[in-house]
Amino acid sequence: MTKNTFVVGFLLFAIFFGAGNLIFPPKLGYESGIEFFSAISGFVLTGVGLPLLGIIVSAFYNGGYKSALDKIHPWFSLAFLVSIYLAIGPFFAGPRTAATAYEMAIMPFLSEASQISMLIFTLAYFSLTLWLALNPNKVVDRIGAVLTPILLITIIALVIRSISILTGEEEIAPITITEQSYFFKGVIDGYLTMDALASLAYSVIVLHAIRGKGVSQAALQRQTITAAIVAAVALGLIYIALGWIGNNMQISAETMAMISERNLDLGTYILNTITTEAFGELGRAVLGIIVSLACLTTAVGLAVSVSEYFNDIFPKISYKIYVILFTVISFIIANQGLKEVISKSIPVLLVLYPIAMTIILMLLVNLIVKLPITAQRLSLFLVTIISIASVVGAGFTADLPLKPYSMEWLPFALLGGVIGVALHPFVSKKQ
């Protein structure tokens, strides 16, 4: 393994280990009870495996996903990538960084949270985001290079201390999950990290980082695979450890009622509580500052990348206008609170994720067995229709195979591919 491969692996880790992702494993761990390992396996599959598979696949296509999707259809490529960038930018991931920072860094020190306190915090947060995004230079890289190792060290210390505190605690019965298994509950929660969607957009950053060293195409592919494995191991271990903390946390019925009444996020509460038990108020304050800054660098990175993308495809509007517009949108949405931001993102993610997974898996298969464009188009068309129909609650979707596991799109992805292969000889060769 070369030094550059290790650096790129760390870059991948930094990209995907957004501070917002800290809150999902503890919540899943608490809810899954004795089915923890089944649930966390599903989470790691979609929260770690799929995003890094997405990065690896991009290395085998010249021009990455944009070029591959343009060949399927330029209009589909534009519509899908625009949707991806808006989801990981101003509509969901951007606001989530501010809402997470508020709940982890500010709320624990308030006697009572209020809309005014959140408004003041998010105003300062996004003002700083806007200032940094308007003058990107290398400030995000410099801050991220310092904060990511510190955040990682802090989490490792927290996990080690938590093991000594929580080991031997009485086992908690799982909360009953209806209509889906614990494994697929983890799969759906893994969607919420948005990392699989981000992999399609951020793959360009990784490929540029490796190509910048003047490597061959074969070396590019090898280094991308190795770097993805490095990042996957680190992410997987941390998510499992954080999930274990939630799984072993004791929370009374009164406390759960208070969390629900105050509309707090359970994962955030678990992390704040265990940090206080482990290191006291000072430790919680330090964690809050680190998480806030890590969220901030993520928000700046999102604002910059999304604004650059839209400026590239719609250049009549300046980059600065895009930054201002997307920052204001994020500010407005963030003030709805973390729980609301996450809940409102779920329907959109349940549409985009099946399409993204189909793209990643389809392009992976295409590397082994050449798939006709007809098969690729029909597969994506059917998956898009089924995903939208399922989210809007179309009646026929209730009885579809794999519906209880939110995987009803998978048979249609396969069906579209098979029919597309059969029809290909009868379709114009230009297609």
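User: What should I know about the model before reading any values?

Analyst: This is a predicted model, in which local features need pLDDT of at least 70 and side-chain atom pairs count only at pLDDT 80 or more, while totals for chains, interfaces and linings use all residues. Residues are numbered from 1 along each chain as its sequence is written, and side-chain values use heavy atoms, with hydrogens and water left out.

User: How many helices and strands does the protein have, and how do you know?

Analyst: The count is 17 helices and 0 strands, where helices (H or I, at least four residues) and strands (E, at least two) are DSSP runs numbered from the N terminus.

User: Why is the protein called as compact as a globular protein of its length?

Analyst: The radius of gyration, taken over C-alpha atoms, is set against the globule rule, which is 2.2 Å times the number of residues to the power 0.38. The protein has a radius of gyration of 22 Å, and the rule gives 22 Å for 431 residues, so the protein is as compact as a globular protein of that length. Along the principal axes, the C-alpha atoms fill a box of roughly 70 × 50 × 45 Å.

User: Why is S292 called buried?

Analyst: Buried means under 20% relative accessible area, exposed means over 50%, and partly exposed is in between (1.4 Å probe, protein chains only). S292 has 14% relative accessibility, and therefore it counts as buried. The residue is found in helix α13, which covers residues 266-313. By the same cut-offs, 52% of the 431 residues of the protein count as buried.

User: What does S292 touch, and what does its side chain reach?

Analyst: Contact means heavy atoms within 4.5 Å, and S292 touches A101, A105 and Y125, not counting residues up to four places away in sequence. Its side chain also reaches the backbone oxygen of G288 at 2.8 Å.

User: What makes helix α9 mostly covered?

Analyst: Of the 10 residues in helix α9 (residues 182-191), 9 are buried, among them F184, G186 and Y191. The buried residues of α9 pack against α2 (24-32), α3 (36-58), α15 (338-368) and α17 (409-423).

User: Why is G186 called buried, and which residues does it touch?

Analyst: G186 has a relative accessible area of 0%, so it is buried. Not counting residues up to four places away in sequence, G186 touches L28, A39, G42, F43 and T46. G186 and P25 are 161 residues apart in sequence, and their C-alpha atoms are 8.9 Å apart in space.

User: What makes the phi of L402 worth a remark?

Analyst: Most residues other than glycine have a negative phi. L402 is not a glycine, although its phi is positive, at about 70°.

User: Where is L402, and why is it called partly exposed?

Analyst: L402 is in the loop between α16 (373-392) and α17. Its relative accessible area is 35%, so L402 is partly exposed.

Note on methods:
Polar contact = N/O pair within 3.5 Å; in protein donor to acceptor, adjacent residues only side chain to side chain.
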